[in-house]
Amino acid sequence: MASIRFEQVSKRYGKVTAVAQADFEVKDKEFMVLVGPSGCGKSTLLRMIAGLEDISEGGLFIGGERVNDLPPKDRDIAIVFQNYALYPHMTVYDNLAFGLKIRGLKKEAIREKVLEAARILEIEALLDRKPKAMSGGQLQRVAIGRAIVRSPKVFLFDEPLSNLDAKLRGQMRLEIARLHKKLQTTVVYVTHDQVEAMTLGDRIAVMQQGIIQQIDTPQNLYRRPANRFVAGFIGSPPMNFIPGAINQSSQGFVFEDDSLTYAFPLPASAAWEPHTGRRVEMGLRPEHFSARPPQDGLPYASFEVEVQHIERLGHESFAFAQWGKYALAARLSADEDLEPPCRITLWASLDKMHFFDLESGRAVG
Amino acid sequence: MKAPKLFFYILLAGASLSFLYPFYWMLLATLTPEAQIGALGFLPAGLTMDNYQLLADKIPIGRALLNSFIVAALSTTGVLVFGAMTGYVLAKMRFAGRNLLFFIIIFTMSMPFQLTLIPNYILMVELRWTDTLAALVIPALNSAFAILLFRQAFQSIPDDLIHAARVDGCSELRIIFQILLPNVIPAVITAGIITFMNSWNDVLWPLIVIRNEQLMTMPQLVALFAVGGRSEAQLGVKLAAAVLLALPIIVAYAVFQRHFIQSMASSGLKG
Ligand SMILES: Nc1ncnc2c1ncn2[C@@H]1O[C@H](COP(=O)(O)OP(=O)(O)O)[C@@H](O)[C@H]1O
Ligand SMILES: [Mg+2]
């Protein structure tokens with residue numbers, strides 16, 4: 001049983017606030033991903049869980065116990081670092097065994113645990129080697145081995161795959177997911193990579209400038225981003241944003257862009273009322289455009305665009321186009337044979353549009 | 001192409017000869033009967049151990065050798081232990097006044113030893129440590145130079161290595177001695193060699209705090225012997241003392257040659 005609860009936890013370095021009033025819970029056995037741009041405070045949050053960083057304010061609870069003043073070794077956690085942080089002067093076996101030795105386990109018991117961890121991670125052949133003589137992928141396996149050998153209550157990962165090449169990263173991602181299923185422990189996983197976040201997390205906490213913006217399942221983050229930052233962060237290429245305002249016309253509420261060239265009707269709802277006349281941004285994901293009108297009978301909008309550049313990925317293409325004075329990115333099926341520059345019409349369902357208050361960034365509607 | 005190279009070698013050979021010849025001559029002279037020393041050139045003239053025998057009779061040279069070893073070994077151990085600890089704190093711990101503390105330590109390096117000689121002596125008298133080896137060992141248990149060296153070395157070690165050790169259950173001392181030191185071996189060797197040599201060669205401080213002949217170190221005893229009257233102006237005996245003084249350093253050099261050169265180059269200091 002090891003849930004992790006943050007109660008109004010803040011961390012300050014002098015005048016810099018690295019983490020501001022984090023208040024959330026990681027459930028027992030949950031795989032929680034912390035994601036956000038570099039410098040947003042992810043590692044700081046993780047190090048506070050580990051006890052490597054003092055908590056300036058608030059309370060941190062692991063398994064219901066307040067751990068603010070508990071040293072790292074007594075928290076029953078293990079951590080995997082981006083740059084592996086293996087002991088360079090020890091063999092792989094000793095790297096794995098070190099923590100157990102310090103805890104005073106018998107030689108035989110240590111041997112058994114180390115061999116078991118080595119077997120799970122398929123690093124048995126490396127046990128006599130020193131870190132210097134290994135590749136990045138092997139080093140990361142050993143680092144994970146060092147974490148699992150103690151069977152801790154909580155695993156912490158700080159960007160463990162960032163130093164690996166793309167192919168290896170994909171492999172290790174799968175393995176970490178498998179390992180979590182097998183070991184059934186609580187995991188907090190830090191990354192700046194949204195693909196890792198989306199594929200690994202039971203839930204994802206999106207951070208920016210020390211503040212947790214939204215915590216939800218990958219699907220919900222994608223479908224209902226709470227604010228403009230989350231909307232722009234999740235998804236690649238990122239969501240398109242068109243500045244404008246919500247106005248009331250004779251047909252009901254409409255979104256009008258800043259140049260007053262375009263207007264889209266909004267679904268009838270009283271939710272628009274408080275935002276009438278306010279400046280907002282309309283957000284539309286590239287993958288929600290299509291080069292053909294949608295056939296599902298739902299209301300849609302059309303965009304006359306000038307395609308300027310196209311990236312062909314084989315199974316799909318990304319079109320980068322100009323729509324009036326706005327730049328748009330659109331994902332198109334690979335069948336669309338376009339020779340930019342060219343003019344085409346893009347279509348998108350109205351219900352795929354997101355709206356964010358320009359001032360607060362919060363989702364509206 | 002060939003000629004300049006040959007010329008270069010001749011020059012080098014001449015230069016090294018001019019360095020080595022005095023040593024060779026000294027060694028030869030100690031093995032030569034006193035009467036023949038004046039006429040000594042390149043070749044031995046008679047062979048005798050009398051000079052060494054005489055030396056051992058006149059002064060407790062064996063005892064001094066032992067004292068020097070004790071003092072140098074303890075100082076070196078102390079400097080490695082406490083220098084590493086201080087260097088770790090300055091490199092990896094965050095606290096108010098850390099940089100100020102570091103600058104003060106660096107500043108003491110730039111102060112000539114002579115400046116603190118008298119206050120230090122008074123301190124030894126007050127503590128009643130004069131005429132004990134404590135006066136030689138205890139003030140030498142840490143050094144600004146070693147602190148600087150360890151601080152720089154530890155700074156290049158990523159914080160996450162220390163974090164990993166802490167999560168593994170290491171105390172701060174274990175982090176320093178089991179995790180960090182094994183990864184900064186060149187710094188350990190440099191600090192070790194330089195501390196040992198400084199201690200071994202020090203004359204001034206022992207002269208001030210030690211009067212008891214049984215507690216004197218090699219360089220102190222040899223210096224007193226050579227300039228004092230007891231050598232009775234016998235060159236061979238004086239030189240025998242000098243040989244015994246230089247011998248341990250020469251042996252150490254032969255063993256740790258590579259590290260010596262490295263440590264001189266990396267510290268920018270002459271021992
Ligand atoms: N030891 C420290 N001293 C001062 N500021 C720090 C320290 N560690 C991190 N910070 C600051 O805290 C913020 C968050 O850092 P970090 O948690 O490492 O971000 P991330 O892991 O998301 O890239 C950054 O602005 C960083 O400069
Ligand atoms: Mg980080």
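Me: How much space lies in the largest cavity?
Reply: This is a predicted model. In it, about 60 Å³ of space lies in the largest cavity. The count of cavities of 30 Å³ or more comes to two.

Me: What makes it a cavity and not a pocket?
Reply: A cavity is a set of points where a 1.4 Å probe fits but cannot get out, whereas a pocket is an open set. The largest cavity is lined by residues of chains A and B, among them Ala78(A), Arg146(A), Ala164(B) and Asp168(B).

Me: Which elements give two or more residues to that lining?
Reply: In chain A they are strand S7 (77-80) and helix H4 (136-148). In chain B it is helix H8 (159-168). H8(B) gives the most, with three residues.

Me: What is the volume of the second largest cavity, and what lines it?
Reply: Its volume is about 40 Å³. The lining includes Phe31(A), Phe155(A), Phe157(A), His180(A) and Thr185(A). Strand S8 (154-158) and helix H5 (166-183) of chain A each give two or more residues. The largest share, four residues, comes from H5(A). The lining divides into seven nonpolar, two polar and no charged residues.

Me: Why is helix H1 of chain A called largely enclosed?
Reply: Buried means under 20% relative accessible area. Eight of the nine residues of H1 (42-50) are buried, so the helix is largely enclosed by the rest of the structure. Among the buried ones are Lys42(A), Leu45(A), Arg47(A) and Ala50(A). Just after H1(A), Gly51(A) takes a positive phi of about 90 degrees.

Me: Why does Asp357(A) count as buried?
Reply: The cut-off is under 20%. Asp357(A) has 5% relative accessibility, so it counts as buried. Asp357(A) sits in strand S20 (residues 354-357) of chain A.

Me: What makes the approach of Asp357(A) to Glu359(A) a polar contact?
Reply: The pair must be N or O atoms within 3.5 Å, one able to donate a hydrogen and the other to accept it. A polar atom of the Asp357(A) side chain lies 3.0 Å from the backbone nitrogen of Glu359(A).

Me: In which sheet does S20 lie?
Reply: S20 belongs to an open sheet of six strands in chain A, in the order S14-S13-S12-S15-S20-S21, with antiparallel pairing. S14 (263-265) and S21 (363-364) stand at the edges with a single partner strand each, so one side of each has no neighbour in the sheet.

Me: How do you know that S12 and S13 pair?
Reply: Pairing needs at least two bridges. Six bridges join S12 (residues 240-249) to S13 (residues 252-257) of chain A, and the two run antiparallel. In one of them, Asn247(A) has Val254(A) as its partner.

Me: What is the order of strands in the sheet of four?
Reply: The order is S18-S17-S16-S19 in chain A, again an open sheet with antiparallel pairing. S18 (326-333) and S19 (342-349) each have a single partner strand, so they stand at the edges. Neighbouring strands are turned by 50 degrees against each other on average, direction ignored. Six bridges join S16 to S17, and Glu306(A) has Gln322(A) as its bridge partner in S17(A).

Methods. Residues are numbered from 1 along each chain as its sequence is written. Chains are lettered from A and ligands numbered from 1 in the order in which they are written. This is a predicted model: local features need pLDDT of at least 70, side-chain atom pairs count only at pLDDT 80 or more; totals for chains, interfaces and linings use all residues. Side-chain values use heavy atoms; hydrogens and water are left out. Axes are lines fitted to C-alpha atoms, for helices over the stretch in contact, and angles run from 0 to 180 degrees between N-to-C directions. Buried means under 20% relative accessible area, exposed over 50%, partly exposed in between (1.4 Å probe, protein chains only). On a 1 Å grid over the protein atoms alone, a cavity is a set of points where a 1.4 Å probe fits but cannot get out, and a pocket is an open set with protein on both sides within 12 Å along at least five of seven lines; lining residues have an atom within 4 Å of a point. Grid points are joined across faces, edges and corners, and a volume is the space filled by probe spheres set on the points. Ala, Val, Leu, Ile, Met, Phe, Trp, Tyr, Cys and Pro count as nonpolar, Asp, Glu, Lys and Arg as charged, and the others, Gly among them, as polar.
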